[in-house]
Amino acid sequence: MADSRAFYATTPIYYVNAKPHLGHAYTTIIGDALCRWHRLLGDDVHFLTGTDEHGLKIQQAADAAGMAPLAFADSIAPLFADAWARLNISNDDFIRTTETRHRLGVQKLLQACYDNGDIELDTYRGLYCVACEAYFTEDDLVEGNCPIHKKPVEQVEEENYFFRLSRYGDRLLKWYAEHPGAIVPDYRMNEVIGFIKQGLLDFSISRTSFSWGIPLPWDDEHVTYVWFDALANYITAVGYGTDDEQFARHWPVDFHMIGKDIIRFHCVYWPAMLMSAGIEPPKGWAVGGWLLVGGEKMSKTTGNVVNPLDLIDDIGVDGFRYYVLAETPYGADGDFTYEGLIGRYNSDLANNLGNLLSRVATVVGKKCGGFGPRPRPDSALAAAAADALAETTARWNEVQPSRALEATWQLIRATNAHLETNEPWKAEPGPDLDAVMGDALEALRIVAILASPAVPDTAQAVWERIGMPGAVADQRLPHAAAWGGYPGGTSVVKGDPLFPRRQL
Ligand code: MSP
């Protein structure tokens, strides 16, 4: 694909101390839909996810399960891979930090920072939260506890190697000033800049108190701090340390999709680590809010964990994906409710999209002999379709899936309104009716393409039922969505309702 633009996006790698939950699914589905959108644009997409398997937190979870850490990680990592397969996640790779390719890349990165003089031995005393795998200052604490987990922190004193983050404040500020759009939504940029301006502290990148990690290449008494190890997955998975050609093709990454809780690691530590090693910083970060349950962040500790796989048994993969993408503006916190899930499903999927397909197929079956008529070049719907394409594209570019879907759904609404105005179900067969139905079929064809990143199986079903050949995912924008692509004469099939209405 020499002539296509490379697009590389990542999710965070998930800790294997917990099973996949709704919060993990949220971040992963948004990354997936964004990547599917870029595939429609013809980009050469590489979408990475994986698991974070080293560090004290995982060692403790393995101890509690009475298992060796690697055996423990081996038992959990497939649960993530399986969950993503069931959610129709189109990742091109899945990295585990216990893989050899990762170890080699981490050691190369460490060595590069060390050789550059940015890693030095020092003694550290501090307050540590194992759940966060992070140090806090007294000021960070809330009522003496970790501000995130609300649990006591531990006094830790260790001789560690430190990364001299304090040397990178000005370089980071300069870099961000030169790349003003790098973080979306843009209000998150202010938070990062503010944090850097407060003054950056060096952070320790090694541990000697336990052994579950990657040994430092120059001192095997120390294992690598889990965040240094984990962040490196974004380069080790695309060949850093093992395949220079692959690395050059994918790096720098277009978007790290992350949650707001890990913004400092990703937007401050990580670009500084890369600069130290002489590697370009990421091109972009997309920072999502939390999907809360009952107003709280989901966690094993709080006991409010929702399993996404239970929800898809109930509402279907696309029903769930659509809810996640459409319900909350990206960046803001959302609150998951079952009522919200059913409400979205009934209004947007059953009433709008499902109903449109079923009306069109019914009338074509009864009054056009089951074969779709051609659209009119000058249809009033053509302008609505052009608007939907332009607006949907603009919103995906801003990483605003809820707004992108809103723009796509405007075309569905306009097409339903077009049918209600023309009432083809009451009209006699003939050229006027054919024209109305041809327009509606063309609009549905365009809707199928534009909605496919969010609801891939549904989009394919619509595509097939209106008689289009091949895969909707193989269409290429913008030309595939230009008005007039529906050829007419295809067999249109009603089939079972795509989204039977649901009761609460
Ligand atoms: N392992 C680290 C990330 C390392 S990336 C180099 C980690 N793992 S995690 O499993 O705890 O969570 C990963 C991310 O999942 C969170 O940082 C956040 O982005 C996302 N979410 C976890 N719970 C979430 C919600 N309830 N809502 C939305 N996203 C959430 O942190």
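Me: Which residues line the second largest pocket?
Reply: Keep in mind that this is a predicted model. The pocket has a volume of about 150 Å³. Its lining is made up of Arg 36, Arg 39, Leu 40, Ser 452, Pro 453, Pro 456, Gln 460, Ala 471, Val 472 and Ala 473.

Me: Which helix gives the most to the lining of the second largest pocket?
Reply: Two helices, H1 (22-40) and H17 (456-465), each supply at least two residues of that lining. By class, the lining has 6 nonpolar, 2 polar and 2 charged residues. The top contributor, with 3 residues, is H1.

Me: Which residue does Arg 207 stand opposite?
Reply: E9 pairs with E11 (residues 219-224) in the antiparallel sense, over 2 bridges. In E11, the residue facing Arg 207 is Val 223.

Me: How much of the ligand's accessible area does the protein cover?
Reply: Let's start with some contacts. An oxygen atom of the ligand is 2.8 Å from a polar backbone atom of Gly 259, and a polar side-chain atom of Asp 261 lies 2.9 Å from a ligand oxygen. A backbone N or O atom of Leu 291 lies 2.8 Å from a nitrogen atom of the ligand. Of the 650 Å² of accessible area that the ligand has on its own, the protein covers 95%.

How values were computed:
Residues numbered from 1 in each chain as written. Predicted model: local features only at pLDDT ≥ 70, side-chain atom pairs only at ≥ 80, totals over all residues. Heavy atoms only, no water. 1 Å grid on protein atoms, 1.4 Å probe; cavity = no way out; pocket = protein on both sides within 12 Å on 5 of 7 lines; lining within 4 Å. Points joined across faces, edges and corners; volume = space filled by probe spheres on them. Helix = DSSP H or I, 4+ residues; strand = E, 2+ residues; numbered from the N terminus. Nonpolar A, V, L, I, M, F, W, Y, C, P; charged D, E, K, R; others polar. Pairing = 2+ DSSP bridges. Polar contact = N/O pair within 3.5 Å; in protein donor to acceptor, adjacent residues only side chain to side chain. Areas by Shrake-Rupley, 256 points an atom, 1.4 Å probe, with all protein chains shown as cover.
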